[in-house]
Amino acid sequence: MRPEESSAHAASTPSGVDAATAADASQRIGETALRRGAAGERRPRGIGRRALLTGAAAAAGSAVVCLGPLWARAHILDGPRDDDQGWGTGPEAAGTVFASFITDVHIDAVAAAQDIHLQLVLEDMRALNVPLVLHGGDITEFGSNDTYDRYLRLVPEDFPGEIQHVAGNHEMRWDPSGGNVYRARMHEEGSRSFDHQRIHVIMLEVSGPLQEEAHVSRATLEWLRADLRMAGRTPSIIVMHCPPGADFHYVRGMDQLFALIADHPVRAILAGHNHSETVTRVNDTIVLTGRAVKNSPVHYLLRHSPTEEMDQLTVEAVSLPAPGDDGERTVTPVVTIPMGTPRASGHQAMPRRLNARAPGSAVHLSARIGGEDALVAAAAQVWDESLYGLTEHGTWYDMSIDGTLLEARIDVAAISPPVLPGTHRVRVRGTAADGGTWEAADELTTRGGPVRPLGTYEVDGAVTGAVVPTGEDAMLVSTDQGEVISFVLRGRSLRRQWRVETGPVHRPLALSPDAGTAYVPSLDRALVALDISRGRELWRAELPERVASAPLVVTTDGLESVLVSAGPTLNRIDETGTVMWTVPIPVQSCGRPLVLGDTVVIGAGDGTARGYSLERGAERWVAQLARRSTAYQRLLYGPWTTTVRPIGADAVLVGTVDTLHCLDAADGTARWTAAASAMYTPPEILDDGAVLVVQERGQAALISPDDGTITPIGEGGQVSLDAGLAPVAGTHRAWHVSLTGVLSLIDADAPDVTALHQVTTSRVIATPAYLPVPGAVVVGDQDGMVRAFDVTEV
């Protein structure tokens, strides 16, 4: 799922969209909607009446209309008509054409196959007079403006229906604007819903800025709960990019998602991401993943048959021959989705009242179902938290069924991989006589080990960037909902001192040398300076683009300044908030620069590292580190999010996905390279000069500063993305929390890595803090939980 991108795009801007560009895009699409949205004409593409709103706003000078979840159900599609907007029927099956579902188009500036596949699919849907197209995400390869241009041009002017999209990880992963480009070009803001042919359609956004995996956040669940309550007993379908349930491990929060929709008539989930066609049924909800248009011209035709006997959607895969193929158009039945009242026995099979305990050497699990004989088999699983972005069955243990009681006893020693002390998830899965599966999940706490949980605190949104120590027992926490919060650890309690709204934060903030000022990168196109002692804003520097990078504080001649990239620009800001200079960076940079001597070194999105003059920002050198054939590959495999580190007095370390580069700071020439993935988790330089790295797949290693020789530490490891290390000053040790929530101690002297505690069942995308005086590690997770752990006994 990493196709190629156009070399012509190297000079374009896949980061934020300036007001003029966004307004122009809104104006053009709005005008198209006006041309085709009048009475008696066919409905517009885009999102219909929403396009009218955004087009009108653009004409008034507003770049983007952000209506967000409040708009939830304001968009209603009309029902069938007798005029030329007839829904179209084909020879394939009976029923009114409800919609077509497509996913994973991956429009690229150089790969013509994707263009041809999409054109063939759109032409087939136009011939069927499809009124609605549901797009499951990954519209473009990496969310650049030129690929959105290409996609929009491919939609015919006379296309009869509306196209509704959800953002995929390819729209959000490499976009430093936090999804602003997608929202501006597609005119779609967050999760939303509408009614069509007496079916409630929910477009559920679960892809987050700069993240590969999907996440169903608390805010998303709250919105969905309110939306389903408003929909009442109207049958619903959900469209989302990554598939949940069954054995997919792409979505965090899917247990909570299924628990929520279990009490509502959500009949199906349509998803993409894995580029293959699968059909599963979880808790009476059909989960369909579709084949990728990128790989072949295919769409899924949904026909609605709302009869008195059976209200259902019939799904057919329509496969079209690509140019040069000898095949013919084929229509293959995929699944029939019942849309009417669920079967009377349905919820009797739902495991409820889960109880998970681990009082000793065994895990005891029990659950209740609603009626005897509702299930023919049941099994339980202690979730393997190490799984990341995979389809994996895991190990299941049979449960006994005694009337309505399900029970299992699992030997802890027999569970593979071994269960650490801490918090885990358990799943109970029942199989009904018709093959459908019914699932529920709960948390399990296992005890033991030297790490002791202390206080917890729940914040709004995901904890992002880093937990930054500001004193012996104090720290700052930043969130993607736009808050910076000061905490102090007192005994076993985390106490909030103050809270300031700064705008969404996705990268670590920086402290002044005296730890009196915090410099916060904000997606509100600003760098914000905060007085740490009082919790108040000192100044706000407005920047050209949203800031999704980490700032660097520099002191020269006694004067403090801050270097930070904002999209495709590098900016230097003085201690009063005045921008001293701004220079362009090809494509983007989401990492952190470094100053060595009078040279600023930074990684760029065109696969290069670059050196600039600190004084005026003049470019001094360019080093090509990702020699790939396309712009997308150069971004993906280049140092776009690297944290540059010093090595010695005159060299720097720049990481890419698969290589660590040692470069001369003065001219960018290569000194050595090491085959180590050291970009996502920044390397640490130990006091003896050795480089400590944790690679993307969790393997820790020491790298020689002299020649790049790699010495592995320990065996295996957990996936490590975004969260850095928390070094223990004066030692060769560092604390590490994996993406999967495993707290480990890395000892470079032993050398060894000791996994100690499962600190969370959520994802950790923020660097933890080590507070040496109380002897505690503080961790923030994607679900907004801040947790402190006593590690004095380790």
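In the predicted model, Arg 499 is partly exposed, with a relative accessible area of 39%. Its side chain forms a salt bridge with Glu 483, in which the closest N and O atoms are 2.7 Å apart. This pair links distant parts of the chain, since Arg 499 belongs to strand S28 (residues 493–501) and Glu 483 to strand S27 (residues 483–490), 16 residues apart. Glu 483 counts as buried, at 9% relative accessibility.

Side chains of opposite charge can pair when their charged atoms come close. The count comes to 35 salt bridges. One of them joins Asp 434 to Arg 281, again with the closest N and O atoms 2.7 Å apart. Here the partners are 153 residues apart: Asp 434 lies in the loop between strand S22 (422–431) and strand S23 (437–446), and Arg 281 in strand S11 (residues 278–282). Asp 434 is partly exposed at 42% relative accessibility, and Arg 281 is partly exposed at 22%. In a further salt bridge, the side chains of Glu 188 and Arg 192 meet at 3.1 Å, N to O. Glu 188 is buried, with a relative accessible area of 1%, and Arg 192 is likewise buried at 1%. Salt bridges that share partners also join Asp 247, Arg 427, Arg 429 and Glu 439 into one network.

Arg 546, located in the loop between strand S32 (536–542) and strand S33 (552–556), is buried yet has no salt bridge. The nearest side chain of opposite charge, that of Asp 524, is 5.6 Å away, whereas a salt bridge requires a separation within 4 Å. The side chain of Arg 546 instead reaches the backbone oxygen of Ser 177 at 2.9 Å, and one of its polar atoms lies 3.3 Å from the backbone oxygen of Leu 523. Beyond its neighbours within four places in sequence, Arg 546 is in contact with residues including Pro 176, Asn 180, Arg 183 and Ala 566.

Helix H7 (residues 218–231) has 14 residues and reaches 20 Å from its first C-alpha to its last, close to the 20 Å expected. Its buried residues are Thr 220, Leu 221, Trp 223, Leu 224, Asp 227, Leu 228 and Ala 231. These residues lie on the same side of H7 because they cover an arc of only 160° around the axis. The elements covering them include strands S5 (192–196) and S6 (199–203) and helix H8 (254–261). The face turned away from the buried side carries the exposed residues Glu 222, Arg 229 and Met 230. H7 is followed by Gly 232, whose phi is positive, near 65°.

Terms used:
Residues are numbered from 1 along each chain as its sequence is written. This is a predicted model: local features need pLDDT of at least 70, side-chain atom pairs count only at pLDDT 80 or more; totals for chains, interfaces and linings use all residues. Side-chain values use heavy atoms; hydrogens and water are left out. Helices (H or I, at least four residues) and strands (E, at least two) are DSSP runs, numbered from the N terminus. The expected span of a helix is 1.5 Å times one less than its number of residues. Buried means under 20% relative accessible area, exposed over 50%, partly exposed in between (1.4 Å probe, protein chains only). The arc is that of the directions from the helix axis to the C-beta atoms. Contact means heavy atoms within 4.5 Å. Lys and Arg count as positive and Asp and Glu as negative; His and the chain ends are not counted. A polar contact is a pair of N or O atoms within 3.5 Å; within protein, one must be able to donate a hydrogen and the other to accept it, and residues adjacent in sequence count only if both atoms are side-chain atoms.
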